[in-house]
Amino acid sequence: MSWVNGSPLDLWTATVPLVADPAPSHFGQVGRYVYRYQLLRSDRRPIAFWFPDPFARETAIGTLSAFTIDPQAQPFAWSDAAFVPPHIDQMVVYELNVREFNTDFDGVTRQLDYVKGLGVNVLELMPISNVKEAVEWGYTPLDYFAPDERLGGPLAFKRLVDAAHERDIAVILDSVYAHTHPEFTYNLVYEASGEMNPMLGRFEGEFFQDWAGTDFRKAFTRDYFITLNKYLITEYHVDGFRYDYVPGMYDGPAGQGYADLVYQTYQYSKSITRFQAASGERRIIQCAEHLPDAAGIMAQTHSSCAWQNGLLDRAREMGRGGYVTERLAHQLDPEFLGYPSEHTAAGDTFAVAPFQYFESHDHGRFINQFGTMNLRDLLGERYGNRDRFYKMQPYVIALYTGKGIPMLWHGQEFAENWGVPPGGLGRNLFERPLHWEFFYDEAGKALVRLHRILGTLRRTHRALGSRGYYYYYDDQAHLQRGVLAYRRKAEAEGAGIAEDLLVLLNFSDREAEVWLPFPTAGTWAEMIDGTRSPIEVTQNGQWLPAVVPSNYGSIYKRT
């Protein structure tokens, strides 16, 4: 290879003629080629024995890069010209691990109608870049520019995104930019050679102590990741990113790391048609995993949303402890807790809201909080007791009816019950494929039905949006009966009519009757099951009783 003389980014290049080999071989023919690099001394002693191309657009297994020679190949025929990602207020997210969900990208594509039926309009895919291990969550990437061959590769990923857009589902990628695999090229080569590393180094909040992460003080690092974001947006039509471990790349709101990357990505999105909403706002989704200060990262950067574990923590405390607390109700109102609802900076203004979830890939299954079985997996982790599926139901109703952006972790809709250890190699190097047979049993049918009903209500009622009006009825009599109650409403907008909803959640094992003031006179009908008699309210603010089924909930709407 030849050094690009004067290159500030230390780039090297080579041209390899694909001439047919006279020996029996496929070399030089049409097809797929795999390759990798060596770094040798002048006497051919190795410095770095094998390493992949960090710019490869295709990969093979492990540390092999790839490219395809096909003179008949045609550009991918995208059919998503009319697609626009959903507004923050309308988002419902489904996080999934491609391998565990349904094997590969085509497997996910086959299940898109199922996912949409849960009310979902955003897919969040766990990392899809190449990794070395056969089973890995993806948080130590070897390559960034190519969807993993084991998941189906570039064409299958494009088919998935196009099919999702056809169903009005956006696709965002879990993006690991703060750290890499120790055999990532820019770690392996410069560690072996002793040369100054143009990309990696100690930066902020290092995740691994044994090797350095990405150093955004270096021009090459900044250039690499903004180039990557632009490439994924244009080549694969992705709609945004969930940035993993932002503390490892955030050096303040005016820094060179995370804040600059999301700002530059937002500015680039202005040139992409599908991000242009009729209202003039930009619909790119940029979600920060900054758990120490999710509200701060949304306020200080061009992040449109953020992961935060508040609802997960409150729900699990209640589930394990068997009690009800108003802290859960307050968690359903992020603005009450100090989260912004809008971001304005550098001439840009856009809506923001945090994700809300009680399950994610980082934590054990929620059903397991209510009890486990003696049956264990190969790691010795107990499976959750799905006979207690009904305990999940009021939490599901809370997730879809509170403020913030609801996120489901794949399989929670039918009480998936794998155990997940808190640490160790078995945590992310052990595959936990979904038990799709659960979809058909009593627990699965009941929970999927509830998710589908609530997904429809969330989609069709503006009052249940991610922001807007929320009022918690802080009543000790409610808490004594295991009930939380709150009001959601939306004013009339354009051709839309005003909406007024009352949500009641019963976490106890007994049917509960609670009194509360119905805001306006009229007929209030229950919307989850529609089997209870309507409540007739004769005057505004009238106190009347409402009955809430055990381990369930009710949503009343003035008709």
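**Exercise 1.** Find which helix gives the largest share of the lining of the largest cavity, then describe that cavity.

Solution. Step 1: helix H1 (residues 98–102) supplies the largest share of this lining, three residues; helices (H or I, at least four residues) and strands (E, at least two) are DSSP runs numbered from the N terminus. The model is predicted: local features need pLDDT of at least 70, side-chain atom pairs count only at pLDDT 80 or more, and totals for chains, interfaces and linings use all residues. Residues are numbered from 1 along each chain as its sequence is written, and side-chain values use heavy atoms, without hydrogens and water.

Step 1: the volume of the largest cavity is about 220 Å³. A cavity is a set of points, on a 1 Å grid over the protein atoms alone, where a 1.4 Å probe fits but cannot get out, and lining residues have an atom within 4 Å of a point. Points are joined across faces, edges and corners, and the volume is the space filled by probe spheres set on them.

Step 2: 20 residues line the largest cavity, with Asn-97, Arg-99, Glu-136, Trp-137 and Leu-151 closest to its centre.

**Exercise 2.** Characterise the second largest cavity.

Solution. Step 1: its volume is about 140 Å³.

Step 1: of the 13 lining residues, Ile-128, Ser-129, Tyr-144, Leu-173 and Leu-232 lie nearest the centre of the second largest cavity.

Step 2: strand E10 (170–175) and helix H6 (219–235) each contribute at least two lining residues; E10 gives the largest share, three.

Technical notes. On a 1 Å grid over the protein atoms alone, a cavity is a set of points where a 1.4 Å probe fits but cannot get out, and a pocket is an open set with protein on both sides within 12 Å along at least five of seven lines; lining residues have an atom within 4 Å of a point.
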